[in-house]
Amino acid sequence: MKNRVVITGMGVVAPNALNVDEFRKALQEGKSGIKRYENLGEINFKCQLGGKPPVTQEYKDEHLPHFVAQKVKNNAVIYACLSGLEAWNDAGLEIKPGGYDRKTGMLVGSGALGLDSFIEHKIYPIDQGNHRKLGSRSVPESMSSGAGAYLNSILGLRGRIFSNSSACITGSEAVLQGFEMIQSGKMERMLCASSEGDGRYIWGGFDAMRVLCSDSNEAPEKGSRPMSATSSGFIPSGGSGALVLETLEAAQARGAKIYAEILGGEVNSGGQTDGGSMTAQNPQAVVDCITTALERSGVAPEEIDLIAGHLTSTKGDPYEVINWSTALNLPKDDFPYINTPKSMIGHCVAGAGSIELVASALQLAEGFIHPNLNVEEIHPEIEKLVPLEKIPSKLIKKDIKTVIKANFGFGDLNCVLVLRKMNN
């Protein structure tokens, strides 16, 4: 028998909120965390917008151990430690290094960890021949597993501790891998998270590719426009989400609250063929990922209440919705609600999936569908397939039972998970 897997704790650090309670409120109110950064214009960035979590030194001192708060400078590492600790505490688990058995582990993914803005202070000493002054933290703050390594220096878990890095599907893939390990019985409990830093060293490459929004520097909150006819590129951002997964049996035994149950999922690649490339998805692979995730979850398309899409505010949005329509094969009037928090927080790249899964679980647990900002003019190809009322621009209070969450990433990678509400 396969174990049932539930979400019992969550944490988030996003451009519009620094914890789950704030994030819930921000989602419901449609609060944007996207701002203009004048220094980007000074160095010739076409897109001068971004989303940075408002983490202050005082906030770090209050929520992190002294060593991490005072010494670690990598934002992605800080974000992961903050969201991971919040999720752990939210699940009602103790911080007792060495006190958990080998059935409790952690998976923390990251993207361009070594390009976080902290790297500026590492490059100059190397170029000036002073690399011996870099200190002992340069390598662990730069390595892909660094975020998880620092988080586990606090938690001291002894189970499977590893990391992943799969572009924009990193966060959802981390949760899917944790789910599969618990479902199979290899682990009983997993802290699954992902994180992305921020700043010009990460965002510069995207600006050079001309995939960022450059027409809204004077109106930051209008820049991210998923599903809009006027979408002109995504807004880069940083942040982290974290979720504690465990067997239903373990959660019930300790009386834990349960946000949602993960029913199943799928991850695949389009092979960068048949329309897929480094920056575009193979539509057949996307459809296969969605239909396989539903099959493995035992869920029929008509049971889906909400699609939590990837929807980056680029020319890829209508193609994504076309793929959803093909995969679900439902009449237009029966199309589920569809939304994404990217209109409020931008695209957190490796951090996107985990943050958006927190949003998905909150909507299930609290009975609401958060609005999409900047959808006054829906893309005509999307409007052909989805009724306008299913693309909400205002908060909807509604009991929803099933959410399907997807992320699609560079390299023609796809990941889909299906979540269901549980009545505690």
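How much space lies in the largest pocket? The model is a predicted one, in which local features need pLDDT of at least 70 and side-chain atom pairs count only at pLDDT 80 or more, while totals for chains, interfaces and linings use all residues. Residues are numbered from 1 along each chain as its sequence is written, and side-chain values use heavy atoms, with hydrogens and water left out.

The largest pocket holds about 840 Å³ of space. A pocket here is an open set of points on a 1 Å grid over the protein atoms alone, where a 1.4 Å probe fits and protein lies on both sides within 12 Å along at least five of seven lines; lining residues have an atom within 4 Å of a point. Of its 37 lining residues, those closest to the centre are Thr279, Thr312, Thr314, Gly316 and Phe410. The largest share of the lining, five residues, comes from α13, and the elements that give two or more residues are α10 (200-209), α12 (283-297), α13 (317-328) and β13.

Turning to the sheet, 10 strands form an open, mixed arrangement in the order β5-β4-β6-β7-β1-β8-β14-β13-β9-β10, where strands are DSSP runs of E with at least two residues and helices are runs of H or I with at least four, and two strands pair if DSSP finds at least two bridges between them. The edge strands, each pairing on one side only, are β5 (161-162) and β10 (337-339). Strand β4 (residues 104-110) runs parallel to β6 (residues 189-196), joined by seven bridges, and Val108 has Ala193 in β6 as its bridge partner.

Notes. Grid points are joined across faces, edges and corners, and a volume is the space filled by probe spheres set on the points.
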